[in-house]
Amino acid sequence: MKNQKQTIRKIVGFLNNPEEDGGFWLPNIQRPFVWSEDQICRLFDSILREYPISTFLIWKTTSGIRRRRFIDNWKNTLKLSDFYVPEDVSRKALVLDGQQRLQSLFIGLKGSFEKKELFLDILSGELAAPDDVKYQFKFMDASTAKFPWVKFKDLIFDNRKKREWVTTFKETADFELSEEELDKLEDHLEVIDKTFKVDEAITYQVLDSIDNPKLYTEDDVVEVFIRANSGGTKLGKSDLLFSLLNASWEVADDKMYELLESLNRHGFDFDRDFVLKTCLVLLGQGARYGVEKFRKAGVREDIEKNWDDISKAIQDVLDFIRGKTYIQCDKALPSYLILMPLIYLRYHHKTAWKKAKDLDAFVLRCSLTNAFSSHSDNIIDALVRMVNESKAFSVEAAFSIIRSQGRSLDLTEDRFWQMGYGSKTIHLLFNLWYRNFNHTPAYENNLPQIDHIFPQSALKKFKIKNPETGRDKLKYHSPERDQLANCMLLSKEENGAGGKSNTLPEDWFKDKDSDYLKMHLIPTDPLLWKLDAYEDFLEARKELIRDKFSNLLSSS
């Protein structure tokens with residue numbers, strides 16, 4: 001394995017450039033770019049501070065493997081399929097490790113992030129702790145940026161001399177630069193030249209399948225890719241598993257994108273992890289998620305061969321959830337794993353799926369009690385065995401299996417009242433409660449909002465004496481402020497500017513009609529809406545909530 005070094009300005013010129021010994025590209029096994037603006041800015045700060053940015057891994061090949069271009073002008077709405085390069089057998093170098101860093105350099109030096117370009121505050125650079133930012137970078141609109149913000153790509157690719165740059169800065173600054181600032185400008189221009197143009201700051205290792213094709217086969221390269229990326233946090237397990245699938249099934253990423261786009265267009269958040277884990281379950285490989293399963297003979301081929309049926313089974317179960325339960329959005333489904341036994345039933349026993357009863361009760365009960373919250377592989381495998389043995393799905397038998405795994409399905413009063421602000425299950429409860437609300441608006445900013453009836457700011461003003469210290473302390477801490485009985489659901493319009501916000505209940509409810517109070521289960525006595533009646537209000541409202549959901553609560 002060869003080690004090579006290059007300057008940053010030169011290496012950026014290799015990206016997407018076939019004139020540079022075939023150019024650097026991204027193989028199809030790489031995941032999408034995920035870095036934020038802040039991460040990109042910190043990378044550039046690290047380079048100017050001469051921090052090492054680790055080694056890259058490159059594969060030189062003439063294989064016809066599918067690849068894509070680096071993205072210069074980044075937008076969240078981009079599709080990777082728009083950047084695919086036609087397959088050919090020309091010389092090329094594929095980046096196996098280092099995509100996020102190289103893509104960040106390309107965006108900063110050659111393109112933009114959401115139509116904004118990278119600027120440096122050329123007068124920044126004060127001493128900072130190692131974890132702090134020293135050189136201030138920011139993505140900005142070029143038409144509004146003013147000195148001392150300077151477009152960074154100009155500093156790298158414009159060949160003006162130092163003195164010419166200083167003259168330019170003097171002319172563009174709307175204030176007179178001090179001698180100290182002029183010295184700083186010259187120092188920073190030297191640092192920029194050194195770190196980006198002179199020093200060979202980029203080290204990359206090369207797997208050369210052109211000069212030595214027998215040493216690194218395509219299977220070897222996939223294995224190297226997995227090992228290179230499994231030691232840190234750069235890739236999730238689904239990325240590693242998908243790299244194996246994608247290497248043997250060239251349209252895997254297209255198929256996965258189409259499925260996830262279909263599943264998530266109604267306000268859900270299915271991901272590749274869920275789909276790949278479901279594939280293992282449906283093909284009899286068990287629910288435990290492992291790379292070795294995708295290496296087993298026939299597994300990847302079975303996924304490709306049965307993909308259409310797998311996709312239809314997942315989509316059919318989601319249609320059932322949307323149509324037969326009151327779960328309308330991602331937040332109302334605390335664990336997607338609950339769906340896997342149902343998908344298995346639909347995939348292997350379609351007739352039994354159509355005849356199954358009380359599946360909505362199964363999903364609701366398991367969701368409200370967090371039965372699949374963690375370490376649920378054994379539960380999924382046990383439910384799959386039940387389906388295989390009976391060729392059907394009995395909710396009663398399923399509940400028995402879940403209880404045998406040490407999970408409680410009883411929604412006791414204690415568990416019920418834990419569904420306060422910030423809990424995983426409050427959105428599900430509010431989907432059941434507020435059935436006429438639009439929980440999946442087309443515009444995300446129109447999502448309904450969970451609101452504190454008695455505002456937190458008002459409750460924080462209540463103080464009591466600490467008997468041990470004699471000092472004042474909060475009377476109502478987060479658990480008392482965030483409890484379910486102090487929460488209601490409001491539309492974005494109701495809770496936005498000019499809406500409820502921090503309005504006290506005695507003012508907010510005074511002109512509301514009886515239907516509004518009934519919908520929110522608000523006690524009708526106005527005396528309970530006063531701030532000093534907070535605890536009495538909670539008790540009265542708990543009774544109303546308890547009555548509404550009495551069918552869900554366990555008797556004990």
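Trainee: What is the mean pLDDT of the protein chain?
Mentor: This is a predicted model, in which local features need pLDDT of at least 70, side-chain atom pairs count only at pLDDT 80 or more, and totals for chains, interfaces and linings use all residues. Residues are numbered from 1 along each chain as its sequence is written, and side-chain values use heavy atoms, leaving out hydrogens and water. With pLDDT being the predictor's confidence in each residue, from 0 to 100, 90% of the residues of the protein chain reach 70 or more, and the mean is 87.

Trainee: Which element of the protein chain has the lowest mean pLDDT?
Mentor: Helices here are DSSP runs (H or I, at least four residues), numbered from the N terminus. The highest mean, 97, belongs to helix 13 (residues 340-348), whereas the lowest, 56, belongs to helix 8.

Trainee: Which residues of helix 5 (residues 162-172) are buried?
Mentor: Arg163 and Glu171, on the other side of helix 5, are exposed, where exposed means over 50% relative accessible area and buried under 20% (1.4 Å probe, protein chains only). The buried residues of helix 5 are Trp165, Val166, Thr168 and Phe169.

Trainee: Why do the buried residues of helix 5 line one face of the helix?
Mentor: The residues concerned are Trp165, Val166, Thr168 and Phe169. Taking directions from the helix axis to the C-beta atoms, they line one face of helix 5 because, seen down its axis, they fall within an arc of 160 degrees.

Trainee: Over which residues does pLDDT stay under 50?
Mentor: Where pLDDT is low, the predicted coordinates should not be read in detail. The stretch has eight contacts (heavy atoms within 4.5 Å) beyond four places in sequence, and it covers residues 231-236.

Terms used:
Helix = DSSP H or I, 4+ residues; strand = E, 2+ residues; numbered from the N terminus.
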